[in-house]
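This briefing is for a reader meeting the structure for the first time. The sequence and the model come next, and the notes after them are grouped by topic.

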Amino acid sequence: MKSDIMVSHSVLNELVLGQKLSGRTLLTAQWVLTERNDNPCLIPDGEIVFENGVIIFAGKNFGGDVTRRIDFGQALISPGLIDLDALSDIDTFVLATDNPPNWAKGRIWPRSYVERGPYEMYSPEELAFQKKFAFGQLLLNGITSAAPIASLYYREWGESVAEFDAAADAAGALGLRVFLSPAYRSGGMVLEKPGQIVPVFDEERGLRGLEDAIAFVKRQQGRYDGLVNGLLAPDRVETCTLKLMQNTMAAAEELDCRVRLHMAQGPLELQTMHDLHGKTGPQWLADNGLLNERLYAPHGTYATQEDFSLYAAHGVSIAHSPLVSARTGSYLKSFSACKKMGINIGMATDTAPADMLMNLLMGLVTCRISDQTSEEVRCADLFDAATRGGAKALGRTDIGRLTVGACADIAVFRLDDPVMTPTVDPITTLVVGGSGKVTKAVFVNGRLSMLDGKLAGFDMQAAREQAQKQFNGLISKYPDRSWQHLPVSELFPSSFPLWPDEE
């Protein structure tokens, strides 16, 4: 009878997107990535069995009854990828890619804009939409857990509770595990004149933002069958006062959640921290007893050796976003060196596309450039960072791994895509030659959240058209917030001259 049940429910397309699967589900494929003796282990023709959203078997030849069997063929069944700094808006970085200097192109508020009064450049409805659209992109790329991030450049100040209530609902509807609360800050950077950028502070506003975030975490924690989780997100170390950071770390202890703080990521931050405190961000926090394992820090590309030593000594994790860093000419120095020091590293995308596999390849390349050798880091090291490393940064042992008792957060990557090379080792093949486009299916908490580019109740193709319209509307407002308020055509000229309208 067991065999009959397995055959009658073997068609994957019969399953309903967004529905938590009842009974026992057995997944099998050419390769399965699991653990043995707490270390990653590949199983040829392996099997994963889950029930009620929890993995009950990882290995070969499961002997029990199952409700359905799904054979993915030439594919890797992997732990779902974890994105510690996941873009949750419509990416504006493309505007800065070929249009330097950033200070002149709306990436820093000019004094004239501040004096007129910064305003929200997106409506509440647009903010809610962009969260859902971004979450859909994450699932399409095999990401099952994400800590959302968005730019504050086009906000009045920080993020709102309303948009994050909408974000929690979007995660619940789509089936994405999220770690989040509204970002807050006590300061921002203002352009006084070309090249002169100074911080301005409003500490009380930052403290009110923290209180909003605390209330959000208390109210939202555990919703949607545990998919919604709290995370405190002060914006950047140079925009935080000491009191804000002290209160943040105390709140994280009370809430038992993690804190994400961007630091050691750029020259402007380093100069600002030197002017304000006479030291780097990590050193300032350490001097005030604020570094511990609850904190993880994107990006570390401008960290000193002393900064790294402080991370290692206090259990601070790095959220490594090699693609977005490399686009600006910087890289972590280096992934392998940090690992040798005992620093935990998780991975992040922090830009569009939300392609974690592309980031793993960039992480491999930039590490080998930094090390000037190919012998210190392997593809498996980066893949492990995108799964178990991310879980550790978030303080979780039940995600980032496919082992008995873990959540059924699973990504399935095709290995038979025509553009990919033949496979000897699936991890090397995916990191060197894959992309998020080979993601076949995603399960989160035992729910089928994505299959063949389709999501539950959300048309990504139609959403892409709406995203373009929203992006166009944002660009049209850039003259308001740019130095000398130049027209869009001068702020962001085309890469090649446009064909003249008249000849």
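## Pockets, strands and rings

The largest pocket holds about 1,200 Å³ of space. Its lining is made up of 38 residues, and those closest to its centre are Asn-102, Arg-107, Tyr-153, Arg-236 and Gln-265. The model is a predicted one, in which local features need pLDDT of at least 70 and side-chain atom pairs count only at pLDDT 80 or more, while totals for chains, interfaces and linings use all residues. Residues are numbered from 1 along each chain as its sequence is written, and side-chain values use heavy atoms, with hydrogens and water left out.

**Pockets and cavity**

- On a 1 Å grid over the protein atoms alone, a pocket is an open set of points with protein on both sides within 12 Å along at least five of seven lines, whereas a cavity is a set where a 1.4 Å probe fits but cannot get out; lining residues have an atom within 4 Å of a point.
- Grid points are joined across faces, edges and corners, and a volume is the space filled by probe spheres set on the points.
- In the largest pocket, the elements that give two or more residues to the lining are α2 (93-97), β12 (187-193), α9 (267-277) and α12 (322-327), and α9 gives the most, with three residues; helices (H or I, at least four residues) and strands (E, at least two) are DSSP runs, numbered from the N terminus.
- The lining of the largest pocket divides into 16 nonpolar, 13 polar and nine charged residues, where Ala, Val, Leu, Ile, Met, Phe, Trp, Tyr, Cys and Pro count as nonpolar, Asp, Glu, Lys and Arg as charged, and the others, Gly among them, as polar.
- The second largest pocket has a volume of about 860 Å³ and is lined by 31 residues, of which Phe-133, Gln-137, Leu-140, Met-460 and Arg-464 lie nearest its centre.
- Two or more residues of the lining of the second largest pocket come from each of α4 (124-140), β22 (454-455) and α17 (460-475), with α17 giving the most, six residues.
- The lining of the second largest pocket comprises 15 nonpolar, eight polar and eight charged residues.
- The structure holds one cavity of 30 Å³ or more, and the largest cavity contains about 110 Å³ of space.
- Among the 15 residues that line the largest cavity, Pro-148, Ile-149, Ala-183, Ala-233 and Arg-260 lie nearest its centre, and the lining as a whole divides into 10 nonpolar, two polar and three charged residues.

**Strands and pairing**

- Strands of a sheet pair through backbone hydrogen bonds, either parallel or antiparallel; here two strands pair if DSSP finds at least two bridges between them.
- An open sheet of seven strands runs in the order β3-β2-β7-β19-β20-β21-β22, with mixed pairing, and its edge strands, each pairing on one side only, are β3 (39-44) and β22.
- Strand β2 (residues 31-36) pairs with β3 in the antiparallel sense over six bridges, and Val-32 stands opposite Ile-43 in β3.
- Five of the seven residues of β12 are buried, so β12 is largely enclosed by the rest of the structure; buried means under 20% relative accessible area, exposed over 50%, and partly exposed in between (1.4 Å probe, protein chains only).
- β12 pairs in the parallel sense with strand β9 (residues 109-110) over two bridges, where Pro-110 has Leu-191 in β12 as its bridge partner.
- β12 also pairs in the antiparallel sense with strand β13 (residues 196-201) over six bridges, and Val-190 has Val-198 in β13 as its bridge partner.
- The hairpin of β12 and β13 has two residues between the strands, and in this hairpin Gly-195 takes a positive phi near 80°.

**Aromatic rings**

- Rings of Phe, Tyr and Trp (its six-membered ring) pair if their centres lie within 6.5 Å, and planes under 30 degrees apart count as stacked, over 60 as edge-to-face and the rest as tilted; a search of the whole structure finds nine such aromatic pairs.
- Phe-57 and Phe-62 form a tilted pair, 5.1 Å centre to centre with 55° between the planes, and both residues are buried.
- The ring centres of Trp-109 and Tyr-113 are 5.5 Å apart and their planes stand at 75°, so this pair is edge-to-face.
- Trp-109 is buried at a relative accessible area of 8%, as is Tyr-113 at 1%, and ring pairs link Trp-109, Tyr-113 and Tyr-119 into a cluster.

**Cysteines**

- With a disulfide taken as a pair of cysteine sulfur atoms within 2.5 Å, the count comes to zero disulfides.
- The sulfur of Cys-257 is 15 Å from the closest cysteine sulfur, in Cys-240, which is too far for a bond, and Cys-257 counts as buried at 5% relative accessibility.
- For Cys-407, the closest cysteine sulfur is in Cys-257, 18 Å away and too far for a bond, and Cys-407 is buried, with a relative accessible area of 11%.
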